[in-house]
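Q: I am new to this structure and would like a close look at one part of it. Could you walk me through the run of parallel strands and what lies around it?

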Amino acid sequence: MAAMSKGGSVDRRHFLRASTGALVGGWAFTQGSLSPAAEAAAMTLDQAVGRVGRLPLRPLGSGGRKVSVLIGASDWPGEVIEAGVRCGVNYWHKAERFRLAGAAAGSRDRATPGSLLKDRDGHYCEVVVDRIRGNHETGAIDEEAHVEFVKQAVVQSGLRYFDDMVFHFGYHDRAEYRENKGFIRAFERLKKSGLVRRLGITQHHYNGNPKVPGGESAAQVLSAVMEDGIYEHGQLFYSYGESAEVESFVRAARARGFGTIAMKTTRGMGRMESDTEFMKTLPEGVSPYNALARWLTTETQLDAAVIRVRDLAEFADTCSGAGKPLRSADRTTLERAARYADRNACRLCGECAEQCPERLPIADILRAERYLLDHRDETQARRLYDELGRPADRCRACRACVSRCPLGLAIPEKLAQVHRLLA
Ligand code: SF4
Ligand code: SF4
């Protein structure tokens with residue numbers, strides 16, 4: 001490894017950058033002088049890199065390597081990946097979507113970035129592996145199929161090997177983890193061939209999931225995985241206002257040297273930005289995304305986090321907060337954001353599911369809602385809702401689920417809205 005390298009609307013986000021980023025970063029923008037699209041288009045790679053600077057590195061568990069406190073993702077646009085590389089992002093999520101031959105039109109794949117190929121050993125590239133013959137609830141762990149998938153991904157991506165082989169969505173419960181070693185055996189075979197190096201897991205909640213009888217929470221499963229010491233790190237849903245169970249797991253992971261990476265970190269943020277009245281209540285000159293990056297990377301026990309960014313301007317806004325102290329105004333912003341999110345946005349905890357007489361996948365439906373309203377990614381939201389079979393119109397509005405929701409969300413109304421928007 002090369003030590004050096006590894007060492008009232010959506011306008012608000014852009015408005016904040018225009019009003020405060022111009023002062024901080026010395027940009028040529030003045031308050032309100034550019035539309036968001038124009039601002040995003042006007043920001044150059046050099047400006048974005050200059051504003052972010054060098055991201056801090058932190059050990060990922062006790063495995064002996066350091067990763068950037070904010071990791072990168074293969075679905076970032078090419079110029080954002082380039083900016084990330086220049087700012088020291090050295091861990092790449094879902095790198096199996098990179099294609100040496102270029103990405104097919106309309107696919108979620110990306111051309112393999114030249115900067116990763118040039119300094120391959122300076123980056124940690126992750127291959128995320130799904131169950132087969134079904135989805136994450138119904139599919140199977142299959143040693144042979146996982147081995148073949150990774151072999152193909154190595155060739156297609158041109159990356160020569162993957163640093164981390166990650167079990168996507170994770171185990172349904174602790175019993176499955178103890179009894180089914182197919183994924184681990186696939187990893188061991190691939191490791192012997194030099195095609196993968198470490199084992200990781202992205203763990204979803206399965207407690208109460210009607211398609212996964214006996215399913216358990218992410219923290220329960222991850223705790224068992226951590227105890228064994230075979231996996232080096234876990235990725236889990238984590239945002240402000242997290243449950244006590246998740247907080248407790250993250251603390252235990254830090255003490256034990258098990259790596260943690262936060263995902264789905266921007267709960268409720270997209271819909272906050274659309275709420276002009278709410279945005280007026282936030283302290284002037286603070287970007288919620290920048291504050292979130294500060295908080296995730298300095299105030300939590302996490303090793304790293306991934307935050308969705310769509311262009312250079314968002315990259316600069318978000319990542320310039322990484323590793324920086326949380327100021328009083330940032331804290332106020334996040335406290336208000338957390339209260340707003342708790343009134344509106346699902347934590348994906350799964351607590352409500354077993355109450356539903358229709359066996360609706362409530363958390364998955366509301367994950368689609370988050371893609372739509374927070375990430376503003378209608379394609380991903382529709383894809384997920386289609387995969388689920390567009391089930392929200394089966395809700396009878398009996399409200400049995402509502403009393404189990406720790407946030408007291410208006411679940412039937414939310415399901416009806418999702419169906420209206422995505423069916
Ligand atoms: S209100 Fe709808 S989602 Fe909630 S338990 Fe009743 S049928 Fe299920
Ligand atoms: S609706 Fe409430 S209980 Fe159900 S997954 Fe979301 S936050 Fe958890």
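A: Let's start with strand β8 (residues 162-167) and strand β9 (residues 196-203), which run parallel and are joined by five bridges. Two strands are said to pair when DSSP finds at least two bridges between them. Helices (H or I, at least four residues) and strands (E, at least two) are DSSP runs, numbered from the N terminus. Across this pairing, V166 stands opposite G200 in β9.

A word on the source: this is a predicted model, in which local features need pLDDT of at least 70 and side-chain atom pairs count only at pLDDT 80 or more, while totals for chains, interfaces and linings use all residues. Residues are numbered from 1 along each chain as its sequence is written, and chains are lettered from A and ligands numbered from 1 in the order in which they are written.

Strand β9 is mostly covered, with seven of its eight residues buried. Here, a residue is buried if 20 or more other C-beta atoms lie within 10 Å of its own, exposed if 12 or fewer, and partly exposed in between, with C-beta atoms placed from the backbone. β9 also runs parallel to β10, to which four bridges join it. In that pairing T202 stands opposite Q235 in β10. Together, β9, helix α10 (residues 218-228) and β10 make a right-handed β-α-β unit. Right-handed means that, with the strands pointing away from the viewer, the path from the first strand over the helix to the second runs clockwise.

Moving on, strand β10 (residues 233-237) pairs with β11 in the parallel sense over five bridges, and H233 stands opposite G259 in β11. Between these two strands the chain crosses through helix α11 (residues 244-256), and this β-α-β crossover is right-handed. Strand β11 (residues 259-263) is mostly covered, since four of its five residues are buried. β11 also pairs in the parallel sense with strand β12 (residues 304-305), over two bridges. There, A262 has A305 as its bridge partner in β12.

One residue from elsewhere in the chain brings several of these pieces together. L60 has its place in the loop between β1 (57-59) and β2 (66-68). Why does L60 count as buried? Because 26 other C-beta atoms lie within 10 Å. Leaving aside neighbours within four places in sequence, L60 is in contact with R65, V67, H233, G259, D303 and A304. Contact means that the C-beta atoms of two residues, placed from the backbone, lie within 7 Å. L60 and G257 are 197 residues apart in sequence, yet 8.1 Å apart in space, C-alpha to C-alpha.
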